[in-house]
Amino acid sequence: MRIIPISYPINMDDLDLIVGEQVVAIGDFDGVHLGHQEVIGRALRTAKKLGLKASIMTFHPHPRAVMGQDKYTDLITPMSKKMKMFESLGVNHTYIVTFDASLMRLSPEHFVDQVLDRLGVESVICGFDFTFGFQGKGTPDSLCELSHGKFSVEVVRPFHMDGEKVSSTLIRESLQQGDIETVTRLLGRPYSISGIVVDGEKRGRTLGFPTANIQLDESYVIPTNGVYAIKASVKGETYKGVMNIGVKPTFTTGELKPSFEAHLFDFSEQIYGEHMNVELIAFLRPERKFSSLDDLVAQIKLDVEKAKNKL
């Protein structure tokens, strides 16, 4: 998949922008959940039908973060993971559009004329709730009007599952409630975070449960503090285990920023400096403070057994 970064105003002398006639799925696609996959899948099918390339147009940073909603600086799928997912779905090209003040101030009319039309799109696929242009005044209906017949517009209806509309907002809320089952269902896959294994305080080793301390490599939406059953991939292999996300209240470190410590079953390798991807399979319990180390060890043993049953 070819990744094409662009910013406004578009410089058409840049040969990397020349793709030719194409079908474009447009949206932020944070999460690449089942609803997003429906939009992207429609673009892929339309492109195949027309004999054209299938592209995606997405935005970075998240538009809501630029508009002052700080929680959107943390993402369900940071850009590197989003690109891997797009590629796995069969997309030919992805435009990463820099969302800044100049683009934010662009009217819906100018967005169509100076962005979409200049890229030579044949068809645009978007979700029912897609908005664009200054103050989000552009809608799928106005996109149809503003195209003036230069390109077609297909609007994908909301994707429902078990009576609920699949949305990034619902996934964020479910993560913050520890409802991993709902998150997995809405994403169509387990939620994952990744980072580099760094040197920690090595308390787990003294307790008989050595852990890999992970420093996240991007800004993720962090699930609620607690213990999770996980599957972790490192050095090309996948292992089952448990992970604690939280501030380790038993040790009263005063640290408010959560840590991510994974204990992998039947694993004893040295992996400092290695990249690890962790899939959250099930929420086992909230993080809590224990009155003694013996109580903590006893609970960890229960967590391990419960995780093995889940996995």
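These notebook entries follow what I looked up about aromatic rings and paired strands in a predicted model.

**Aromatic pairs.** I began with the rings, since a pair of aromatic rings is described by the distance of the centres and the angle of the planes. I found a count of six aromatic pairs. For F59 and F99 I noted ring centres 6.3 Å apart and planes at 90°, and because planes over 60 degrees apart count as edge-to-face, this pair is edge-to-face. I then looked up where the two residues lie: F59 is in strand 3 (residues 53-60), while F99 is in the loop between strand 4 (93-98) and helix 4 (101-104), so the pair ties together parts that are 40 residues apart in sequence. Both F59 and F99 are buried.

**A tilted pair.** Next I turned to F111 and F132, whose ring centres are 5.6 Å apart with planes at 40°, so I wrote this pair down as tilted. F111 and F132 are both buried, and together with F130 they form one aromatic cluster.

**A charge over a ring.** I also looked up K308, and its charged end sits over the ring of F265, 5.2 Å from the ring centre.

Which strands close into a barrel, and in what order? I traced six strands in the order 9-10-13-12-11-14, with antiparallel pairing, and the twist from one strand to the next averages 45°. Looking at one pairing in detail, I saw that strand 11 (residues 226-234) and strand 12 (residues 237-246) are antiparallel over nine bridges, and that A232 has Y239 in strand 12 as its bridge partner. Finally, I noted that helix 8 (residues 180-187) lies across strand 9, strand 11 and strand 14, running at about 135° to strand 14.

Terms used:
Residues are numbered from 1 along each chain as its sequence is written. This is a predicted model: local features need pLDDT of at least 70, side-chain atom pairs count only at pLDDT 80 or more; totals for chains, interfaces and linings use all residues. Side-chain values use heavy atoms; hydrogens and water are left out. Rings of Phe, Tyr and Trp (its six-membered ring) pair if their centres lie within 6.5 Å; planes under 30 degrees apart count as stacked, over 60 as edge-to-face and the rest as tilted. Helices (H or I, at least four residues) and strands (E, at least two) are DSSP runs, numbered from the N terminus. Buried means under 20% relative accessible area, exposed over 50%, partly exposed in between (1.4 Å probe, protein chains only). A charge sits over a ring if NZ of Lys or CZ of Arg is within 6 Å of the ring centre and within 35 degrees of the ring normal. Two strands pair if DSSP finds at least two bridges between them. Axes are lines fitted to C-alpha atoms, for helices over the stretch in contact, and angles run from 0 to 180 degrees between N-to-C directions. Contact means heavy atoms within 4.5 Å.
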